[in-house]
Amino acid sequence: MAENFETKVDELYQRPLAEFTSARNALAKTLSGDQKRIVASLPKPMVPLWAINQLYWKDPSTYKALIDASEKLRTAHRAVIGGKKVDLRKPDEVHRAALDRAAAKTLSLLERAAGNVSEPVRTTIRRTLATLPGEEQAGRLTREPEPAGFSMFAGIKPQSARVSSERVPAERNRAHKQQNETRQNQLSEAKARREAEREQQRTELARQQAERERAKAVAEARKEMKDAQQAAERATFAVKKAEAEMRKAQESEAKMISRVNEAERRLTELQRN
């Protein structure tokens, strides 16, 4: 039963984004208890997150390659913080290549589904892919993960005893620089996230306006069709009425002609006598 429930939730995140809310509500109606509550509270993914979910479902090899590269890069960074000598260039290059491929595949999926993709959405997609894996379950992303920053190194104690006194200031300066860069990146990401949300809102408003205009046009077309049908019915009735009156007139004319002929015949007989 639990597997069936999980499968239905997975299917929900694979549907077109425009169908998410209605499909979620329909699924919730078929459930009860905790399952109903869980499904009813599922948030609709933002466009960039929906696109990344599609990458997970439709191109799992590309998604897995990115996650593997990310894990290896994080492991290498942990090793450096732990005092080991590790060449970060190779895992960084592998991760960058996997990120480029995943971003390209994700954008391709989104463009096929929605057409043109705005620059803020493109930026959010790449930024989110760069932070994976996050806390949310793969294939069910609904919110952009927080930048990894130094959280990936939690619990690791740098081996300061192995660092010479000459290296301490340089390491400290580098750490401060990284912290400043992280802070600036977070500010930029927050700004881009707000812009992506506004873009999504604009898109949704435009869709709703288009739906209203389409509904109005359909209603007007139906009214015009009904008016035309009624006019046609009135015209048909008028034609039938005119035809009936014409037949009566023709019958009356025939009777009058017959009477005239009869009168002429009688007059001729009288004149003979």
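At what angle do the axes of α4 and helix α5 cross, and within what distance do they come? I found that the two axes come within 5 Å and cross at roughly 110 degrees. Axes here are lines fitted to C-alpha atoms, for helices over the stretch in contact, and angles run from 0 to 180 degrees between N-to-C directions.

Before going on, I noted what I'm working with. This is a predicted model, where local features need pLDDT of at least 70 and side-chain atom pairs count only at pLDDT 80 or more, while totals for chains, interfaces and linings use all residues. Residues are numbered from 1 along each chain as its sequence is written, and side-chain values use heavy atoms, with hydrogens and water left out.

**Entry 1: the overview.** I counted eight helices and zero strands. Both are DSSP runs numbered from the N terminus (helices H or I, at least four residues; strands E, at least two). Of the 273 residues, 26% count as buried; buried means under 20% relative accessible area, exposed over 50%, and partly exposed in between, with a 1.4 Å probe and protein chains only. I also looked up contacts (heavy atoms within 4.5 Å). Among those between residues at least 6 apart in sequence, 70% join residues at least 24 apart.

**Entry 2: back to α4 and α5.** Helix α5 covers residues 60-81. The cut-offs: under 35 degrees is roughly parallel, over 145 roughly antiparallel, 65 to 115 roughly perpendicular, and the rest oblique. On the α4 side I listed Ile52, Leu55, Tyr56, Trp57 and Lys58, which meet Pro60, Thr62 and Tyr63 of α5. By class, this contact has six nonpolar residues, one polar and one charged. For the classes, Ala, Val, Leu, Ile, Met, Phe, Trp, Tyr, Cys and Pro count as nonpolar, Asp, Glu, Lys and Arg as charged, and the others, Gly among them, as polar.

**Entry 3: α4 and α6.** Next I checked α4 against α6: the angle is about 110 degrees and the axes are 9 Å apart. That makes α4 roughly perpendicular to α6. Residues of α4 in this contact include Val47, Trp50 and Gln54, and those of α6 include Lys105, Leu109 and Ala113. I get nine nonpolar, two polar and two charged residues here.

**Entry 4: α6 and α7.** Helix α6 (residues 89-114) and helix α7 (residues 119-131) have axes that come within 10 Å and cross at roughly 140 degrees. That makes α6 oblique to α7. Among the residues making the contact are His95, Leu99 and Glu111 of α6 and Val121, Arg122 and Ala130 of α7. The tally is nine nonpolar, two polar and four charged.

**Entry 5: two residues I zoomed in on.** Not counting residues up to four places away in sequence, Thr106 touches Ala51, Ile52, Leu55, Ile125 and Leu129. Ala51 sits in helix α4 (residues 47-58) and is buried too, at a relative accessible area of 0%. Leaving aside neighbours within four places, Ala51 is in contact with Thr106, Leu110 and Ile125. I also noted 7.4 Å between the C-alpha atoms of Ala51 and Leu107, which are 56 residues apart along the chain.

**Entry 6: a last detail.** I found a cis peptide bond joining Leu132 and Pro133, with omega about 0 degrees. Pro133 is in the loop between α7 and α8 (167-272).
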